[in-house]
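User: I am new to this structure. Please take a close look at the part annotated as the active site, and describe its surroundings.

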Amino acid sequence: MQQKNTLLAPSILSADFTKLAASIEIAEKAGADWLHCDVMDGHFVPNITFGPFIVKAIAGCSNLTIDTHLMISDPDSYIPDFISAGSHQVTVHQETCPHLHRSVQLIKSLGAKAGVSINPGTPVSTLESILPDLDLVLLMSVNPGFGGQKFIPSSLGKVEQLHTMRNNLNPEMIIAVDGGVTVDNAQDLVTAGADALIAGTAFFKAENPEEAAAKIKSASR
Ligand SMILES: O=C(CO)[C@@H](O)[C@H](O)COP(=O)(O)O
Ligand SMILES: [Co+2]
């Protein structure tokens, strides 16, 4: 099988918000592939971050793929705003979408790639019906709401399970892992089937972000 490079998506949540443009430049220079934008509403998750206005500012000063992670209730009402703001990929939570197929089709109809995320407590099997329609799955390896949490070890088995399911149903679909990713667990995650790794703390709080990025991106399968 052809060896693929691991995609790195620094989470802007861990960046210095007083120096957003400089933080984005650090990510670009370090060879990041996506910029991960964590949108939280204080309802679905116990924290509030930012909305389309900030995503637009981020997209305006970056050439990277803008990967927007919506941790909000009723995402359908806001998907158009986040795509107009410059998101190339929009991921919704399975737990927030009673009509998941409709939400996914809405994202695609507006020209963005569509992703679905699941919480650590949600089984991978719940994605089976929607998998053929997806561009990516964002597997949460912490409970969503905050950066800087510890990786939940059982997530590794979920990546393996999803990898098998993806090979059968949608081989082109990307598996991304989000939460507690470090230079030390990156290789295990990629071996299990991850294609993209989201890294907030491990990238922006690293002494040398460029070195951290190189280590994470060197993980291969
Ligand atoms: O979506 C989330 C948390 O809800 C993540 O994207 C985190 O923001 C990643 O941060 P680290 O765990 O890598 O510090
Ligand atoms: Co995220």
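Analyst: D178 sits in strand β7, which spans residues 174-178; strands here are DSSP runs of E with at least two residues, and helices are runs of H or I with at least four, both numbered from the N terminus. The model is predicted, so local features need pLDDT of at least 70 and side-chain atom pairs count only at pLDDT 80 or more, while totals for chains, interfaces and linings use all residues. Residues are numbered from 1 along each chain as its sequence is written, and chains are lettered from A and ligands numbered from 1 in the order in which they are written.

D178 is buried because 25 other C-beta atoms lie within 10 Å (buried means 20 or more such atoms within 10 Å, exposed 12 or fewer, partly exposed in between, with C-beta atoms placed from the backbone). Beyond residues up to four places away in sequence, D178 touches H69, L138, L139, M140, S141 and I198; contact means that the C-beta atoms, placed from the backbone, lie within 7 Å.

The UniProt annotation "active site", from an unreviewed entry, covers D178 together with D38. Although spread over 141 residues of sequence, they cluster in space, with a largest C-alpha distance of 10.5 Å. UniProt positions follow the numbering used here, feature names are shortened, and annotations may be inferred rather than shown by experiment.

D38 belongs to strand β2, residues 34-40. D38 is also buried, since 24 other C-beta atoms lie within 10 Å. Apart from neighbours within four places in sequence, D38 is in contact with S11, L13, T49, H69 and M71.

Definitions and conventions. Contact = placed C-beta atoms within 7 Å.
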